[in-house]
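Welcome, and please take a moment with the sequence and the structure before reading on.

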Amino acid sequence: MITEGTKYDIDKGQFDTYIVTGIESHVCVLQTTLDLLKLPTQPEVFVLADAVSSCNKPEIAIALRRMELAGAKITTSESMIFELLGDANNEKFKQVASLIKDEKTNTALALRTLCVEQI
């Protein structure tokens with residue numbers, strides 16, 4: 001379900017790419033993703049597997065699979081960050097790479113907690 005606060009911009013077809021995160025992956029995240037994929041502008045929709053959750057953990061894998069089958073691209077936050085940067089020539093690349101390196105342990109823990117047996 002697309003929230004009213006963003007629906008105006010979305011309906012205008014203003015964006016060609018969406019990055020979806022949130023809680024209750026099998027309800028809110030799923031419905032938002034499916035709604036975005038139905039837009040006539042056919043945007044690219046990315047869902048960050050390590051940035052969605054559910055109070056019922058087994059629901060996450062099912063929801064991610066359904067979103068992927070519907071056309072969403074399932075990825076991780078780190079992968080998305082580097083994709084947005086483009087390449088090492090980006091002026092922010094070294095700064096972001098350093099931050100990611102500093103947070104490597106926290107990222108690994110988050111991935112184990114959120115993504116194990118999901119994808």
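## A serine in a loop

Ser 54 sits in the loop between S2 and H3. Keep in mind as you look that this is a predicted model.

One is the side chain of Glu 24, joined to the side chain of Ser 54 by a polar contact of 3.5 Å. The other is the backbone nitrogen of Asn 56, which the Ser 54 side chain reaches at 3.0 Å. If you set aside neighbours within four places in sequence, the residues in contact with Ser 54 are Glu 24, Ser 25, His 26, Glu 59 and Ile 60.

## Its neighbour Ser 25

One of those contacts, Ser 25, belongs to helix H2. Ser 25 has a relative accessibility of 0% and therefore counts as buried.

Which residues does Ser 25 touch, not counting those up to four places away in sequence? They are Leu 30, Val 52, Ser 53, Ser 54, Glu 59, Ile 60, Ala 63 and Met 67. Two names in that set, Val 52 and Met 67, come up again in the nonpolar core, where they are listed with the residues that have the most contacts inside it.

## The nonpolar core

The largest nonpolar core is made of 16 residues. Within this core, the most contacts belong to Val 20, Val 29, Leu 36, Val 47, Val 52, Leu 64 and Met 67. Four elements each supply at least two of the core residues: strand S1 (17-22), helix H2 (25-37), strand S2 (44-52) and helix H3 (58-70).

As background, nonpolar side chains in soluble globular proteins tend to be buried together.

## Rings and a charge

Two aromatic pairs are counted in the model. Phe 15 and Tyr 18 have ring centres 5.9 Å apart and planes at 80 degrees, so they form an edge-to-face pair. Tyr 18 is buried, at a relative accessible area of 10%, whereas Phe 15 is partly exposed at 36%.

The other pair is Phe 82 with Phe 93: here the ring centres are 5.6 Å apart and the planes stand at 55 degrees, so the pair is tilted. Because Phe 82 lies in helix H4 (residues 77-85) and Phe 93 in helix H5 (residues 93-102), the pair ties together parts that are 11 residues apart in sequence. Phe 82 is partly exposed, with 24% relative accessibility, and Phe 93 is partly exposed with a relative accessible area of 24%.

There is also a charged residue to look for: Lys 73 lies over the face of Phe 46, at 5.9 Å from the ring centre.

## The whole chain

Stepping back, how many helices and strands does the protein chain have? There are six helices and three strands, arranged along the sequence in the pattern α-β-α-β-α-β-α-α-α.

Of the 119 residues in the chain, 28% are buried. Among contacts between residues at least 6 apart in sequence, 73% join residues at least 24 apart. The accessible surface of the chain comes to about 7800 Å², with 55% of it belonging to carbon and sulfur atoms.

Technical notes: Residues are numbered from 1 along each chain as its sequence is written. This is a predicted model: local features need pLDDT of at least 70, side-chain atom pairs count only at pLDDT 80 or more; totals for chains, interfaces and linings use all residues. Side-chain values use heavy atoms; hydrogens and water are left out. Buried means under 20% relative accessible area, exposed over 50%, partly exposed in between (1.4 Å probe, protein chains only). Contact means heavy atoms within 4.5 Å. Accessible areas come from the Shrake-Rupley method with a 1.4 Å probe; for residues, only the protein chains shown count as cover. A nonpolar core is a set of buried Ala, Val, Leu, Ile, Met, Phe, Trp, Tyr and Cys residues joined through side-chain atoms within 4.5 Å. Rings of Phe, Tyr and Trp (its six-membered ring) pair if their centres lie within 6.5 Å; planes under 30 degrees apart count as stacked, over 60 as edge-to-face and the rest as tilted. A charge sits over a ring if NZ of Lys or CZ of Arg is within 6 Å of the ring centre and within 35 degrees of the ring normal. A polar contact is a pair of N or O atoms within 3.5 Å; within protein, one must be able to donate a hydrogen and the other to accept it, and residues adjacent in sequence count only if both atoms are side-chain atoms.
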